[in-house]
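Visitor: I would like to learn how to read a model such as this one. Please take me through it feature by feature.

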2 protein chains.
Amino acid sequence: MAAGSDDIQALIALMARLPGLGPRSARRIVLQLITRRDSQMIQLAQLLDRVAAGARECLTCGNITDRDTCAICADPARATGEICVVQDVADLWALERGGAFRGRYHVLGGTLSALDEIGPEDLRIPDLLTRIEEDRTAEVILALPATVDGQTTAHYIADALADTAVAVTGLAQGVPIGGELDYLDDGTITAALRARRRI
Amino acid sequence: MAAGSDDIQALIALMARLPGLGPRSARRIVLQLITRRDSQMIQLAQLLDRVAAGARECLTCGNITDRDTCAICADPARATGEICVVQDVADLWALERGGAFRGRYHVLGGTLSALDEIGPEDLRIPDLLTRIEEDRTAEVILALPATVDGQTTAHYIADALADTAVAVTGLAQGVPIGGELDYLDDGTITAALRARRRI
């Protein structure tokens, strides 16, 4: 048994299953953790324990939080009448890092998918429709992925809100900031050209 | 506060400091762990706790183990009279994965370095010399990195054993298995040419 002990082997195997890691990077991480036991390993174990015990979904929007209502839903300054609909919490965090959106979010928990038999009831779509009605929302921004399933989901939500007074918008598509045209796919270039603006 | 709670933020920051990870991959890992709390997160916390409590260095060779003597040093079949000297535990594990070496190891814990003021007493070199004498070792294989510091360390150990009957050897240098000549550095090609063998 090369790698120390059964526990060390199990730890490497578990680490190797995390996204972006493999056996080699997991071994490096575990070796570093063992040599930095007090400053990293014990701290990591404690934080994992605390987060595992405390983390749950915000009852309103589905963001991850350690309370019933997340910090964004609890902040009265963010009651702007805008709800940004995202696929998952990673996308919510990405939008928050941008810092441009000051309204609230709604995490669907996935996208509609005929192939994987995911219907509206499997996502947080009924909650969204109830929430829009109750909160008298003015605008719903669909920040869903530009994939087939993402766009199907966006269309489904837009259809469901067609008879209401709510404005439904989507993120603009075009050339990314700092993006080189030469490296962009044809679809993005076509979309950017169609949506061209006067300078 | 976008990312859930202070504990989640702290967990991401700690994860991002592990080798090979950054803020983005740490966020992905933490999000996956939260969604797989029972199957991964709690298990990971427990394993980290157990390894932090149990892991220590083998008193003989410096390998990481959960006992005083590692499995390799405790295995009588591996008392072949050969000691393979390695820089760190990662290198020991790499050699064990190869499975070609059936003797025992000695982990130096680094290499000599004038720049970083690392002398023989800062490494496990005195222990190595005592061990070679006491065990009546026949051969010492220096499997040290092909860097300046690694080779300085190898020369230092070879010098210290010059007046003994111990055979001191080093790993062969040459073309890696499956290596394309075109992609190899000049030093490796020169070394492989000098050490050419009759087929």
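Visitor: How far apart do the end C-alpha atoms of residues 81-176 of chain A lie, and what share of the span is helix and what share strand?

Guide: This is a predicted model. The end C-alpha atoms of residues 81-176 of chain A are 28 Å apart, and the span is 34% helix and 19% strand. UniProt gives these residues of chain A the feature "domain: Toprim", from an unreviewed entry.

Visitor: Which residues of chain A does UniProt list for "zinc finger region: C4-type"?

Guide: The UniProt record, again an unreviewed entry, lists residues 58-73 of chain A. The end C-alpha atoms of that span lie 8 Å apart, with 19% of the span in helix and 12% in strand.

Visitor: Into which domains is chain A divided?

Guide: Domain 1 of chain A covers 6-54 and domain 2 covers 82-170. Their C-alpha centres lie 35 Å apart.

Visitor: Now the interface. What is the area buried between chain A and chain B?

Guide: The size of an interface is often given as the accessible area lost when the parts come together. Between chain A and chain B about 5000 Å² is buried, and carbon and sulfur atoms give 71% of that area. Pro19(A), Leu48(A) and Trp93(A) supply 14% of the area that chain A buries against chain B, more than any other three residues. In terms of contacts, 51 residues of chain A meet 50 residues of chain B.

Visitor: How many salt bridges and how many residue pairs in polar contact are there between chain A and chain B?

Guide: The count is two salt bridges between the chains, and six residue pairs are in polar contact.

Visitor: Which elements of chain A give two or more residues to the side that touches chain B?

Guide: They are helix H1 (6-16), helix H2 (23-35), helix H3 (37-54), strand E2 (64-65) and helix H5 (89-98) of chain A. H3(A) gives the most, with 15 residues. Sorted by class, the side of chain A that touches chain B has 31 nonpolar, nine polar and eleven charged residues.

Visitor: How many salt bridges does the structure hold over all chains, and which residue forms one with Asp7(B)?

Guide: Over all chains the structure holds twelve salt bridges. Asp7(B) pairs with Arg50(A), with N and O 3.0 Å apart.

Visitor: Why does this pair join two chains?

Guide: Asp7(B) lies in helix H1 (residues 6-16) of chain B and Arg50(A) in helix H3 of chain A, so the pair joins the two chains.

Methods. Residues are numbered from 1 along each chain as its sequence is written. Chains are lettered from A and ligands numbered from 1 in the order in which they are written. This is a predicted model: local features need pLDDT of at least 70, side-chain atom pairs count only at pLDDT 80 or more; totals for chains, interfaces and linings use all residues. Side-chain values use heavy atoms; hydrogens and water are left out. Contact means heavy atoms within 4.5 Å. Buried area is the accessible area (1.4 Å probe) that two parts lose on being put together, summed over both. A salt bridge is a side-chain nitrogen of Lys or Arg within 4 Å of a carboxyl oxygen of Asp or Glu. A polar contact is a pair of N or O atoms within 3.5 Å; within protein, one must be able to donate a hydrogen and the other to accept it, and residues adjacent in sequence count only if both atoms are side-chain atoms. Helices (H or I, at least four residues) and strands (E, at least two) are DSSP runs, numbered from the N terminus. Ala, Val, Leu, Ile, Met, Phe, Trp, Tyr, Cys and Pro count as nonpolar, Asp, Glu, Lys and Arg as charged, and the others, Gly among them, as polar. UniProt positions are given in the numbering used here, feature names are shortened, and annotations may be inferred rather than shown by experiment. Domain bounds come from an automatic or database domain assignment.
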